[in-house]
Amino acid sequence: MGRSEAVPSGEPDRPEVPEQRSGDGPYLQVRELRVRFDTEDGVVRAVDGVSFAVERGRTLGIVGESGSGKSVTSLAILGLHNAKRTTISGEISVGGRQLVGLREEEIRRLRGRDMAMIFQDPLSALHPYYSVGRQIAEAYRVHHPRAGRREARSRAVDMLGRVGIPQPAKRFDQYPHEFSGGMRQRAMIAMALVNDPDLLIADEPTTALDVTVQAQILDLLADLQEEFRSAIILITHDLGVVSQVADDVLVMYAGRAVEHGSVERVLRAPQHPYTWGLLSSVPSLHGDADADLVPIPGNPPSLINLPSGCAFHPRCRWADVNGDRSRIEVPELREAGQAGHLVACHLSAADRERIYRDEVAQVGVAR
Amino acid sequence: MVRFLLKRLLLAVSVLLAVSIVSFLMFFALPRDPVTGMCPKNCNAERLERVRTELGLNDPKPTQYVNYMKGIFVGRDLGSAQGGKCEAPCLGYSYVNSEAVTDTFARVLPVTLNIVLPAAVLWLALGVGLGMISALRRGSLLDRISIGLTLTFASLQLYFVGAVLLLVFVYSLKILPTPRYVPFLENPIEWARGLVLAWVTLALLFSAIYARLSRAQMLETLSEDFVRTARAKGVAKRNVYGRHALRAAITPIVTIAGLDVGAALGGTVITETTFGIQGLGRTAVEAVRQGDLPTIMATVLVSALFVVVANIVVDLLYAFIDPRVRLG
C-alpha cells in the first residue's frame, strides 16, 4: 500500500470543483449525485456519487461509453426521469436553486427556460406531425404565457435565422422530415435557446450527423455560447469533440467520475487508465497516421452488478500493479499532480507517469 | 393533395370493379338454378327455359355482366318477366319477391347505418378513452381493472352479450322495448330505445379491443424521443399527453377504426340476427340462402363500396394527421 502515499496527504476526499475566477460561483453545481433505478432485475446504480460544476460561459465535456451514466446525469439535472422508478439523491443546484426534491411543477417551470437540452437524434426528438417553427414557438409560449401567436412566431423565425437556417420565415412552416440532418439539429438548437437559458445540455449533439456537419454544429454552439453566455454541458463519447469545444472534462465510468480537470490537463496528461484507453481508441489527425487504434478490451460492466473495488479493474492492464487493492477498494477521486485535476485510481502518481510515458504515449496516441 | 386523392379514387374504382366481377362469377359457381326457385309449382322444362331466356341467363356470361353493370350506370330494360324498365342505379329485381333491389336497400340500409354509426362513436369514445387513461396510469388499480374487463369482453361473443342484455333489459326489467328500428326523425327517443342494446353490445366488444390497442399505442408513444423533448421544453403534463403523445398514438387507431366501421356497415349479421332487426346483414344472408342473385350482387357491391369509401376517408384523415403522408 506504500505507493499510494505519493498522493499528498491532507487532500480532501471530496472532489473539489475547479477554481473559477468570477464572483458569484458556478451556475450549475452538482454534488454527490446518485441516481438509482428500481428494475425487475435489481437496482441499477446509474450514477453513483458524481460532483461537478459549470460556470456561465464555460463548457464541460462529459465523456464515457454507453452506460457510463453521462446521459442519466443530464436527464437528472432536468428532472426528466420517471419519478416513480428513480431515486435521486445529492445536490443539483441551478442558479442557486436546489433541484433535488423539488416538486415536478416547479422543475417544469425551469425546464426550457433556465435550462434546456439538445438531444442526440433530431429526427426522432422533433415531433413528426408539427411544423418545426410551431415546435419552437411552443417552447417560447410555454414560458411566456402572455406572448401572442405572432410574437412567438417572430421570435421563432428570429432564432431559426440566428442558428444559420436560410429563409427562416419560409422554413418555419416546414416539417422535420423536410429538413436535412444538420438543419434539423440547428432547429433543435434554436428551440433550446429560444428562452435564452443559462444552462444548455447537449447530449451527443453531433453523433447522428455526418462529419462535415458535425464541425459546423460545434462551431455554432461555440458562437452561440459567446452570444448567450450560457453554461454548456456537452455529453459525448468523442474526445475529439471535447478537445474542440470544452473547457473542462469529466470522464465517467460505470456511474462514477474517474477523471476530472481542464481539457488541456486531461487530454495532454491523462491520469486514468480508462482515459488512456479512450484516447488510444480515437484516431488522431496530428499523430502518426499509421498508428494502430487500440480498443479497450471487454465491455462496460452491468450497473446492477458492479465489479468489486475499482469498477474498471477487469478491463485494466495495470490492475495488478498494487496487488489486490484495485479488486477490493473503491478508489477515491483525488488531486493528481495539479490543482483541479482529479483522478480515481490506485496507481501512484509516479507509476501513472511512468506507464503513460513508456507504455501508452509510445503507441503514438497522445496528441 | 389532388394527385393523392385521384390516385386513391382510381384505386377504389378498380377494387370495386374486381369485386363485382368476382362476385358475379362466384354466383354462377353456385350449384343451384335461380329459375327453379322462382316457380315453385307447375314448372315444366319449357317454361323454365322461357324464363331463363327472359332473364338473360342464357346469354354468354360476359354479356350478362356487361348488362348488369350497364344497369347500374344507365339503367336497362329487364323485360316483362321482371319489372320491365329499370331506372339508373338499377340493381335488378329480387328473384324471390320481385321487389326492386334498390327499394329493398332503401329499407334495410338505414337500419344498418343507424346501428353501426352510433355504436362506432360509442366504442371509439369508450375504447380510446379507457386505453389512454390506463396508459397514463399504468400499473394502477384502474389500469388493472380495465385490462381485466377488456380481456373478458374481447373474449365474449356478440350473440351471448346481446342475449344477456335482452334478457335483462327487455324481458326481466322490461325497461326497453323489443329491439326495432324507428327512424330518428319520426321519434328520436324511440329510435334510441329501440337500438340502444345493439349499440351497447357492439360497443362493449369493440371498445375492449380498442382499449387494449390504444393503451399499447399510447405507452409506445410515451417512450418516444419527441415526448421527452416536449417535457424538456417545460410543456405541462396535460399538453405533453394531449398535444404531443395523443396525436401520434391515435394514427394507427384511425386506420383500424376506419376499416372496422367500413366492414361493419357491410352488415352486422350477428347483431341484426340476435336482436331480430332487419338490416343489410340479415338481408344478405337470406339472399344467399335463397339464391337471389340480384340481391346478393347488390349486397356484395354495397359492402365493398363501404369498405372502399372507409379506406379513402382513412387515407384523407391520415394525410390530415401526418404531414409526411401528404407528399406521397
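In chain B, residues 296-321 are 100% helix and 0% strand, with end C-alpha atoms 37 Å apart; helices here are DSSP runs of H or I of at least four residues and strands are E runs of at least two, both numbered from the N terminus. The model is predicted, with local features requiring pLDDT of at least 70 and side-chain atom pairs counted only at pLDDT 80 or more, whereas totals for chains, interfaces and linings use all residues. Residues are numbered from 1 along each chain as its sequence is written, and chains are lettered from A and ligands numbered from 1 in the order in which they are written.

The span 296-321 is one of those in chain B that an unreviewed UniProt entry annotates as "transmembrane region", the others being 9-30, 115-136, 148-171 and 191-211. Such annotations, given in the numbering used here with shortened feature names, may be inferred rather than shown by experiment. Residues 148-171 of chain B are 88% helix and 0% strand, and their end C-alpha atoms are separated by 29 Å.

Chain B as a whole contains 14 helices and two strands. Its C-alpha atoms occupy a box of roughly 85 × 55 × 35 Å along the principal axes. Of its 328 residues, 34% are buried (20 or more other C-beta atoms within 10 Å of the residue's own, with C-beta atoms placed from the backbone). Contacts are defined by C-beta atoms, placed from the backbone, within 7 Å. Of the chain B contacts between residues at least 6 apart in sequence, 67% link residues at least 24 apart.

Helix 5 (residues 101-136) and helix 6 (residues 141-154) of chain B pack at about 135 degrees, with axes 8 Å apart. Axes are lines fitted to C-alpha atoms over the stretch in contact, and angles run from 0 to 180 degrees between N-to-C directions. The two helices of chain B are therefore oblique to each other, a class that excludes angles under 35 degrees (roughly parallel), over 145 (roughly antiparallel) and 65 to 115 (roughly perpendicular). Leu130(B), Ile133(B) and Ser134(B) of helix 5 meet Leu142(B), Asp143(B), Ser146(B) and Ile147(B) of helix 6.

The contact between the chains involves 22 residues from chain A and 18 residues from chain B. On the side of chain A that touches chain B, helix 4 of chain A provides the largest share, four residues. Helix 2 (104-110), helix 3 (122-125) and helix 4 (132-143) of chain A each contribute at least two residues to that side.

Technical notes:
A residue is buried if 20 or more other C-beta atoms lie within 10 Å of its own, exposed if 12 or fewer, and partly exposed in between; C-beta atoms are placed from the backbone. Two residues are in contact if their C-beta atoms, placed from the backbone, lie within 7 Å.
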